[in-house]
Amino acid sequence: MKLPLRTRRWDDPREPDDGLRVLITRFRPRGLKKADETWDFWWKELAPSAELLADFHGKQGDPISWEAYRPRYLDEMELQRAKVESLARHVLSGETLTLLCSSACTNPLQCHRALLEKLVRDAAKELASR
């Protein structure tokens, strides 16, 4: 099933086929004027917790690895199941959804946006099979 779901960084230029752009960062980008926002809405609950971010960036010791980060983020998203399903319903309706994360995130394969994208795709498949 091909779903209209994309991921990008919040500061990537808007493209005509982006559809609804959802910011999924814990913290709003600093110094950005409201008029310069590139997203349609911000759902910070779909971002890693402040504690997980601190551990990943080594704010309280050595940074944790991607292998340690990934299951912790997925565990946190279990508590956000309703929000993930809401996004899944959005793409199932045929509307394009673009998940936006930090401008500092340069490796999309080691970013929560890729994990969230898979969660949304999986939830869409589950909802479609009901």
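Tutor: Before we start, a word on classes: Ala, Val, Leu, Ile, Met, Phe, Trp, Tyr, Cys and Pro count as nonpolar, Asp, Glu, Lys and Arg as charged, and the others, Gly among them, as polar. Please also keep in mind that this is a predicted model.

Student: Thanks! How do the residues of the lining of the largest pocket divide into nonpolar, polar and charged?

Tutor: The lining of this pocket is made of 25 residues, and Phe27, Leu53, His57, Ser102 and Ala104 lie nearest the centre. Sorting the lining by those classes gives 15 nonpolar, six polar and four charged residues.

Student: Which element gives the most to the lining of the largest pocket?

Tutor: The pocket holds about 730 Å³ of space. Two elements give two or more residues to its lining, α1 (50–56) and α2 (66–78). With four residues, the one that gives the most is α1.

Student: What is the bridge partner of Leu23 in β3?

Tutor: Strand β2, residues 20–23, runs parallel to β3, and two bridges join them. Within β3, Leu23 has as its partner Trp42.

Student: And which residue in β4 does Val22 stand opposite?

Tutor: Here we look at the pairing of β2 with β4, which is parallel and has four bridges. The β4 residue opposite Val22 is Leu99.

Student: Last one, on aromatic side chains. Why is the pair of Trp10 and Trp39 put in its class, and what is that class?

Tutor: Rings pair if their centres lie within 6.5 Å, and planes over 60 degrees apart count as edge-to-face. By this rule the model has six aromatic pairs. Trp10 sits in the loop between β1 and β2 and Trp39 in the loop between β2 and β3, so this pair links parts of the chain that are distant, 29 residues apart. Because the ring centres of Trp10 and Trp39 are 6.1 Å apart and the planes stand at 90 degrees, the pair is edge-to-face.

Methods
Residues numbered from 1 in each chain as written. Predicted model: local features only at pLDDT ≥ 70, side-chain atom pairs only at ≥ 80, totals over all residues. Heavy atoms only, no water. 1 Å grid on protein atoms, 1.4 Å probe; cavity = no way out; pocket = protein on both sides within 12 Å on 5 of 7 lines; lining within 4 Å. Points joined across faces, edges and corners; volume = space filled by probe spheres on them. Pairing = 2+ DSSP bridges. Phe/Tyr/Trp six-rings, centres within 6.5 Å; stacked < 30°, edge-to-face > 60°.
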